[in-house]
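Student: Here is a structure I would like to go through with you. Can we check each label against its definition?

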Amino acid sequence: MFIAVLVHITRLFLLTMSTAATADPCAAIAGQPFVVPAKALACLKSFPFNETLRQNVLNNIAGVFDFYTFEEFYLNSPPPFQESTTNIRADIARINSTKFETDYDFNRAVYNFTTQLNDGHTRYFPNCYQTFQNLLPAPVVSFEQNGVQSVFVAPDSTELIPLVGTAFTDFFAAIPFNWQRLAGARVLSINGMDPFAYADLIADTESGNFIDHGVRVNSAFGSYRISGTDFSQRFGDISGPGFPDRDSLTLTLVPANSTKAETVVVPFAADYLGAPFTDSASFWAANCAATADTNGVDLRSGGVQSRDAKPERRLARASIIDVAPKNAVGLPSPFLPTLPPAAGSTGVIKSFILPGNKTGVMFVGSFEPDDFNSFQTDTVAAVNEFQASGVTRLIIDLTNNGGGFVCLGQFLHQFLAGSNIGNPGFQSINRANTLAQKIVASDIAQGLDDSFSFYTPDNWAFLNNTVMPLTHNYITPSVPFFVNGVTDHFSQRFLDTCAESFVVPTPATPPFNLNNGNCASTCAMFSTLMFERHQTKIAVFGGKPGEQVQYKGMAGNQVLEWTDLDTEIKTAGLKNDSLAPPDLLVNSNMRYVVCLCTNGRTPINSFLPSFFSFRHNWRIAWSFLNEQNPIEYQSELPQFRFAYTNETYNNPQALWLFAEKQFFH
């Protein structure tokens with residue numbers, strides 16, 4: 001039946017396209033790395049709406065939302081997060097009754113709905129229609145100049161744009177468009193709006209990922225980050241939107257070294273990031289049709305997903321997906337740190353000792369290294385060098401950290417705080433829907449352990465920090481929880497067992513005096529642990545003038561991709577249960593996650609496959625300050641708030657020196 005549906009869908013699209021092969025909009029742009037956005041959109045909109053696909057996707061999403069921990073919280077999100085309030089089931093019903101002309105229109109509606117939940121752990125990513133991404137040759141940033149925070153075309157554009165590649169610069173040379181002269185221009189309006197008001201609009205409608213509006217505004221602008229293991233510069237959501245649905249931005253600006261305002265229509269280029277194709281049929285086959293990796297597998301059969309072979313222990317992840325842009329652009333060389341790197345700086349952690357040998361810096365770009373153990377050994381190497389050099393103060397920079405492995409966040413916390421603190425994580429729960437209870441019961445009956453499932457009891461510890469036995473059913477009976485007039489049901493509370501994954505010993509006492517505020521960080525779960533348990537100083541950079549920015553943008557406790565959840569169901573032998581979501585027929589993915597980050601932008605730890613689909617937040621973490629409130633909804637402002645400057649928005653070393661002066665001098 002599954003194969004028959006796929007064949008039917010494939011024939012449907014082939015039939016539609018064969019009637020006018022010469023006008024095939026995908027064939028017209030095949031093989032071009034950058035195209036006019038309207039042409040890219042025409043290709044994406046060439047696939048007609050299909051009711052079979054709508055029902056498949058919506059039935060899958062509806063089933064996954066049964067596991068979503070925050071569903072009832074959204075009925076009336078607490079202040080200051082009210083703008084995320086919605087009725088999730090009503091939204092699904094609305095999309096199910098809407099008339100769509102194209103498959104793109106349907107998928108975009110689902111994408112918009114999940115994006116505007118502002119929970120980076122819970123999003124739908126239609127791989128088929130995110131193959132083209134717009135890039136602007138005038139990336140906008142925000143910083144303070146002469147005491148006033150304003151919006152500018154990035155002054156380093158002349159160094160940054162060529163790093164995208166000659167195909168990008170050739171695209172604008174052929175138009176022609178002189179992007180070079182815009183570098184450093186002060187932006188007075190974007191599409192007729194005040195530039196910060198336009199950033200608010202993008203934060204409301206497109207950025208997603210962060211429950212805090214102020215953090216999403218930060219996401220709209222460009223800033224530095226670590227991509228892979230290299231310093232990189234992010235275009236931002238204004239200059240790098242995830243779809244080719246606009247051809248240009250109209251900027252009213254004052255060029256650098258001028259006092260005269262002018263209006264410039266700046267064209268976007270649609271960057272193709274998908275698999276090679278020659279026409280609409282091959283585009284669909286390469287980017288849209290379900291693959292062997294789209295759905296989960298039964299791990300009991302010995303089968304493993306080709307992208308994630310079953311390890312000895314399945315490792316929990318919590319991360320966000322940054323879609324702006326997917327392609328990494330290196331940080332221009334004039335802005336790379338000139339200080340010699342400390343030991344342990346070849347991976348996602350970059351460590352330095354600032355002049356004077358009193359302050360160490362750890363720039364933790366991600367909690368998802370290629371090697372789980374190397375993150376731990378790199379931490380030890382850096383701290384050892386700090387101590388040998390006489391460092392007594394520590395700055396942790398988590399700018400644009402997209403998260404990663406939950407246990408690496410807890411490792412870093414315990415290593416810096418000392419093992420005497422006890423369990424380094426939060427109390428946690430997952431949702432006790434009927435199918436989840438069946439999964440736990442089946443896993444226990446089969447004697448499965450944490451190498452097969454996240455649901456098995458040995459993944460967790462009781463609140464006294466002893467590991468649960470394999471026979472302990474922690475989800476039945478369920479625990480009722482009353483929220484927004486609705487009684488929901490959750491598991492018993494439990495703790496992570498991350499210490500079992502630590503390969504290096506953690507010191508009993510902290511290597512630095514955390515109570516004196518020598519750790520400056522803003523990445524959700526990690527920074528929340530550091531603040532709530534140790535009162536470390538936390539600073540946020542950027543944001544809109546006069547608008548609050550939380551130091552954590554969002555914080556669940558673990559994300560499951562659709563493939564993860566489907567694997568749980570199949571390994572429990574429950575795929576034929578009436579409550580089990582159907583396998584997806586398209587290459588889309590929904591995931592749920594946990595989060596960690598800096599400049600107020602919190603990403604999460606998680607596994608990022610070559611495609612994305614539906615993900616959801618699978619666990620709640622409870623605040624230490626209020627154990628009846630998820631940290632997601634615990635409003636926590638930073639002790640320090642600074643605007644970027646022309647010297648710090650893209651220059652990590654300059655920012656660290658500024659932070660050292662503010663915190664320690």
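**Sheet, burial and contacts**

Tutor: In this predicted model, five strands make an open, antiparallel sheet in the order β4-β5-β6-β9-β10. Strands (E, at least two residues) and helices (H or I, at least four) are DSSP runs numbered from the N terminus. Residues are numbered from 1 along each chain as its sequence is written. Local features need pLDDT of at least 70, side-chain atom pairs count only at pLDDT 80 or more, totals for chains, interfaces and linings use all residues, and side-chain values use heavy atoms, without hydrogens and water.

Student: Why is one side of β4 and of β10 left without a neighbour in the sheet?

Tutor: β4 (140-145) and β10 (262-267) are at the edges with a single partner strand each, so one side of each has no neighbour there.

Student: Why is asparagine 295 called buried?

Tutor: Buried means under 20% relative accessible area, exposed over 50%, partly exposed in between (1.4 Å probe, protein chains only). Asparagine 295 has 7% relative accessibility, so it counts as buried. Asparagine 295 sits in the loop between α10 (280-287) and β12 (317-319).

Student: How much of the protein is buried?

Tutor: Buried residues are 63% of the 665 residues.

How values were computed: Pairing = 2+ DSSP bridges.
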